[in-house]
Structures are given as structure tokens and as C-alpha cells.
Amino acid sequence: MARDLQLDENGDLVIDPVTHDLAMVSGIDEVAQRIKTTLSIKYGEMENLGSEAGADYRNFLGKSFSEEAARDDLTAALLGQVPEVQSLQDITFQKLAGRKLAVGFTAVVEDESGEMEEVKEDYSIEP
């Protein structure tokens, strides 16, 4: 698994309080961060940097919400862009005020030793 710069809940870089350098994240925590980052990018939004990056939210935020289509889009985005993710389980959707959608799921992730670990995620999607 890779190492990356650590991001806080707002997507801002974290400063290590001891070393005062940029904090790093690795292992399962890095994969969990990459999952959230992938979901925070709307598909096609980063045309110049990675046109295939992100998740397609058309089936998440329309008048004719299809839970099955949204589940398929979520699964395709994470399995296609986060290689450590082996499967998604317990996917739930909850409509929130302001056309927001709460998405919860458990990702089964292969760690550095080949063992499977679960990463539980809750994510809010908004238009």
C-alpha cells in the first residue's frame, strides 16, 4: 500500500503537531482516505488532470433516484479506481434535506500482507 499526504475531514493538508511537517498516512488509513477522495470528485470534473477520476453522481441526485443504479455506479467507481478495494457490502442510501444523499458502505480491502480488512465509510453527496 502507498503512503500519501494526510487530509483532514475538509480535504485540507494536516500538519504533524510534533514535527511541524506535513503529516503522512499509510496502510488501511491511506486506502480509506483514497476512497473518500475518489468519491469527492465528480466524474469528468478533473478534465485536465484525470478525466476518468471520480464518481458519476447522475444516478444519485436526480428526481428519479434509482438505488440499484446508484449502487452500481458507486461500486464501479471504487473497484475501478482504488485497486485495494475488493468488494463493497452493506451499501445504504438516505435522502437528506437540501437534495443531499447520505451513503454508507463497508469496503473489503486487501492490505499489504494480502489479508482482507473492512473499512466502514459514511459519505454525504450533494448537488
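**Exercise 1.** Which strands and helix do the buried residues of H1 pack against?

*Solution.* This is a predicted model, in which local features need pLDDT of at least 70, side-chain atom pairs count only at pLDDT 80 or more, and totals for chains, interfaces and linings use all residues. Residues are numbered from 1 along each chain as its sequence is written, and side-chain values use heavy atoms, without hydrogens and water.

Step 1. List its buried residues (under 20% relative accessible area, 1.4 Å probe, protein chains only). They are Gly 27, Ile 28, Glu 30, Val 31, Ala 32, Gln 33, Ile 35, Thr 38 and Leu 39.

Step 2. Read off the partners: strands E1 (3-5), E2 (24-26), E3 (85-96), E4 (100-110) and E5 (116-125), and helix H3 (67-81). Contact means heavy atoms within 4.5 Å.

**Exercise 2.** Is Asp 4 buried, partly exposed or exposed?

Step 1. Apply the cut-offs: exposed is over 50%, and partly exposed lies between buried and exposed. Asp 4 counts as partly exposed because its relative accessibility is 34%.

Step 2. Find its contacts, leaving aside neighbours within four places in sequence: Ala 23, Met 24, Val 25, Glu 30 and Gln 33.

**Exercise 3.** How far apart are Asp 4 and Thr 37 in sequence and in space?

*Solution.* Step 1. In sequence, Asp 4 and Thr 37 are 33 residues apart.

Step 1. In space, the C-alpha atoms of Asp 4 and Thr 37 are 12 Å apart.

Technical notes
Helix = DSSP H or I, 4+ residues; strand = E, 2+ residues; numbered from the N terminus.
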